[in-house]
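Open the model in your viewer and keep the selection panel at hand. The stops below say what to select and what is there.

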Amino acid sequence: MTQQPQPLLDVRGLSKFFPIYSKGFFQRAVGNVKAVDRVSLRLFPGETLALVGESGSGKTTAARTILRALEPTAGQVLFRANGHTVDLAALRERQLKPLRTRMQMIFQDPFSSLNPRMTVGDIVGEPLVIHGLARGSALRDRVADMLERVGLKAHHAMRYPHAFSGGQRQRVGVARALILRPSLVIADEAVSALDVSVQAQVINLLEDLQQEFHVAYLFVAHDLSVVKHIADRVAVMYAGRIVELADTDALFDDPLHPYTRALMSAVPYPDPDVKMRFQAPGEVADPAALPPGCSFHPRCSQCFDRCSQEPPELREHAPGRFVACHLQDGDGSP
Amino acid sequence: MSELTQEAAATLPETEAMEVLSQWQLIRRRFVRHRLAVASFYFLIVMYLLAVFAEFFAVYRPHWRDLDYAFCPPQRLQFDFAHGLHTYALRRHIDPITFRKTYIEDRETAVPLRLFARGEPYKLWAVLPCEHHFLGVDLAAWAAANGTEAAPARFFLLGADRYGQDVFSRIVYGARISLSVGVVGIVITFILGASIGGVSGYLGGGVDNLIQRSIEILNSFPRLPLWLALAAVMPGDWSPLRVYFAITIVLSLLGWTRLARVVRGKILALREEDYAVAARLLGAGHGRIIFRHLLPGFTSHIIVALTMSVPGMILGETSLSFLGLGLRPPIVSWGVMLQDCMNMTAVANYPWLLLPVVFIVVTVLGFNFLGDGLRDAADPYGSR
Amino acid sequence: MARNAEREFVLEIDDLKTYFDSEEGVLRAVDGVTFAVKRGRILAIVGESGCGKSVTAYSVLRLIQKPGRIAGGSIRLHPRQGPTIDITALDDKAEALYAVRGGLISMIFQEPMTALSPVHTVGNQICEAILLHQDVSEREAEEAAIAMLGKVGIPGPETRLNQYPFELSGGMRQRVVIAMALVCHPELLIADEPTTALDVTIQAQILGLIKDLQRDLGTSVLLITHDLGVVAQTAEDVAVMYLGRIVEQAAVRPLMKQPRHPYTRALLESLPSLSERHARLESIEGSVPALTAIPPGCPFHPRCRFAVAGRCDAGGPPALREVAPGRQVACVRAEELP
């Protein structure tokens, strides 16, 4: 994928820490849960970057922090809108509001992401109402148009969410996110809660709309097979840090980081002839109590001394290929 | 297991002309299945109608009295085709030895009654002049039978108290006071509870901490002594109306904490729901989030909490008035009427004086059943 | 013949029907399901949400409560020792039913946190399982528990015995649940989506564990899942369910390599990993109908690209029949399809 010089989203050193309080009446912060630790990535217009990881990896926290649903502890989130670049992390709430039309989120749970007391038409039309972009019949028309585009019917606007299946509700969520034609959409595990056949429908829908509206997706997921299908580039996260970032083909053909390899080997492949050879024993790292040095080292079959002392930095190993692993640094054994 | 059934019945067939029920319609449907709650609902409507149209439903004015009929027992309604609706007159008989007063039914003299009888003129709500009562003595028929000079006919459906005041009429007028205390009380409770609890839940952090600790301090005061103290501070020369409002305020001052906690809890929970986060990410302002997204999520809970707090207010007013520290005569309320029951002779000899208790109990039960039904109807929707 | 069946199969289910009475009508969650679990092997029941696979599993252990009921069919368990037990015929409170639950048939659930009591220690819960079904002393029960914890791969089992579930991670808890289920050496283990709530790396560990234990202890396993990858890697026999009926049943390799039923084919085609990158995913048209509006004839016909008017939309649902040795398909066009 050719990289245009101007990224749509340029995240630099983003961190989100949650303080841990001591017990007792006067609570002091005694430590931090490093949910997101100095994450850097770039997203270009119209492309799909997947953020992959297991629980505790920080992918959802990172996604929400980028959109300022959570307040970042440190770092910059440079976003390009209307010809200017602004740092989302530094803006005040009021300045953020106009930018909200340019960036949206699709949520994971189709049941809790729609207000059960609003009709589908109200839900999909709310962005237009909040920003004063349409009213009355113009509003109704735009809502109907959007509903048709996501595969529902215009008359569904009068119904309530509980009348729809999970897949259909997710379509409503997509409609709500895209009705303002944002340039960035973060899909937070948008298909994870859906059945396989419904998942396929929604993935197709997302791809179609991406073509039509030229929107960039930051696709947060834990399912590597979905990621392989839909993403242009993939960032793998573990315990709050990005451990590998590369083009999808390159990543799947030749994963460099031991965790990426472990993750891929753990995915059950739906072919009985291809047996899994899984290699990562132990528990997923707990961001509240991280091991010293590289967070993955206790589970890594190739770790050596340096791994337990010094956390590795994310370095560009080859053009477009970033890895955070001492193995790739050239010191120590390959 | 319900997930299995709900999963199974998830999708609806695709027909255009299908009606889909809204939230409130679903709740109402579920409520209607609770027969006890529905019965309580209608019963309470009847009670409030009695209270609103007190002047119409009562037989006599609340302070009207006929000392000749002091402690008269309840008169039974009779019906036959000769006399129509009537009751038997009572003659007082004083026992020569013990000087005890008893009343003997005079089966010869029938006191004719009728619905919508013309009685003493009154002003409905102190505004509309009327003359008819729901049930009363048919003065014309009585005069026709006995002449205009005969002793007046009286009708005490539930007996009379020590001054000869009609218990039934006083209960009806008392309903107006006792039941409205609840209504005015919950308005105050709602305003205080919803706003303070809402602020506490929505802002969180230090503000929430401060408010919650204050609520806890407030709640740890013993309730009755606090009420008594507040009531005792009230000057004795205040007008009845002022006293009335002061009592309601006193009662609500402690009652709002319960609602505040409910509201705070709900807002805290709903604030983190995905759809509330989605609204924030869309750029919605705080007002929109609170009123459009959060509030509808627990309006039903507020209604239930308020409904359940009315019995507390009614009982509170009754207790205070009974102890002489709340409403005082000449105001008529159920609690005030119970002051007459403070001694055992009264209760033993004239048990009909206790009838306000029956009304209190039944009203409180009614509100409880109604609240139960509402809560059961409103709650299950929260799940998928 | 019956004796052979008893040796070969540990669980035989015949025309099982489990219905739910709701205000919209009778929901036929399981409508005539027939299959058998071979002794010592893993049978997976796979399907999407609402197909009735969990209800089937719960029915086996008679865990269906109002408004559901087992409306017909039979469930027979053939233990290695002792007579065949007809589970459907047992009374609700029969001693035999309690002996079956946890002793002869155990179940593990999707959410390990809710499957374990938060107020009892791990050791307490495992020992309870042992003491309910075996006549041993507490000391012996504890030793058996420690041995089992070790077997499921929990380090330091002696100390773990006194820990509470909230002190363990998700993967550990699921291992404890497995230990509890297997400590009485049941004939059959029913696993209802045991790894869906776990991370991928932990899922791989748990699946591996289940396979190892199954081999060591010779337990038969009935695995309920919606993940075809899990099926391919773990199961030996597969049954595919749709709207309360089994539509295809075969050994895992033939079923996944050459699916015969259109639904199975569509499911496999909609998997992203098996498709080309960025090609459109094949999806199944439409959505699963509600149980109150099951289409006439073959329940899948409105979404089936091979449906033929007159044959697929009329009559009752097609019967599950053997189209090749060991392969059963419920489709009237099974032999004609490419």
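This is a predicted model: local features need pLDDT of at least 70, side-chain atom pairs count only at pLDDT 80 or more; totals for chains, interfaces and linings use all residues.

Residues are numbered from 1 along each chain as its sequence is written, with chains lettered from A and ligands numbered from 1 in the order in which they are written.

**Chain B**

Select chain B. Its secondary structure comes to 14 helices and four strands (DSSP runs numbered from the N terminus: helices are H or I with at least four residues, strands E with at least two). Along the principal axes, the C-alpha atoms of chain B fill a box of roughly 85 × 60 × 40 Å. The radius of gyration of chain B is 27 Å, whereas a compact globule of 384 residues would have one near 21 Å (taken over C-alpha atoms; the globule rule is 2.2 Å times the number of residues to the power 0.38). Of the 384 residues in chain B, 38% are buried; a residue is buried if 20 or more other C-beta atoms, placed from the backbone, lie within 10 Å of its own, exposed if 12 or fewer, and partly exposed in between.

Next select residues 240-271 of chain B, which form helix H9. At 1.5 Å a residue its 32 residues should span 46 Å, and the end C-alpha atoms are 45 Å apart, which agrees (the expected span is 1.5 Å times one less than the number of residues). H9(B) bends by about 35° at B:Leu253, the bend being the angle between axes fitted to the seven residues ending there and the seven starting there.

**Chain A and its partners**

Show chains A and C together. Here 31 residues of chain A are in contact with 36 residues of chain C (C-beta atoms, placed from the backbone, within 7 Å). On the chain A side, H6(A) gives the most, with seven residues. By class, that side has 17 nonpolar, nine polar and five charged residues (nonpolar: Ala, Val, Leu, Ile, Met, Phe, Trp, Tyr, Cys and Pro; charged: Asp, Glu, Lys and Arg; polar: the others, Gly among them).

Then centre on A:Phe219. Leaving aside neighbours within four places in sequence, its contacts include A:Thr48, A:Leu51, A:Ala187 and A:Ile230.

**Chain C**

Select C:Val60, in helix H2 (residues 53-60) of chain C. Is C:Val60 buried or exposed? C:Val60 counts as buried because it has 24 C-beta neighbours inside 10 Å. Beyond its neighbours within four places in sequence, C:Val60 is in contact with C:Ile75, C:Ile87, C:Ile105 and C:Ile190.

Finish at residues 170-182 of chain C, helix H8. Twelve of the 13 residues of H8(C) are buried, so this helix is largely enclosed by the rest of the structure. Among the buried residues are C:Arg173, C:Gln174 and C:Arg175. The buried residues of H8(C) pack against several elements of chain C, including strand S6 (105-108), helix H5 (122-133) and helix H9 (200-217).

Technical notes
Two residues are in contact if their C-beta atoms, placed from the backbone, lie within 7 Å.
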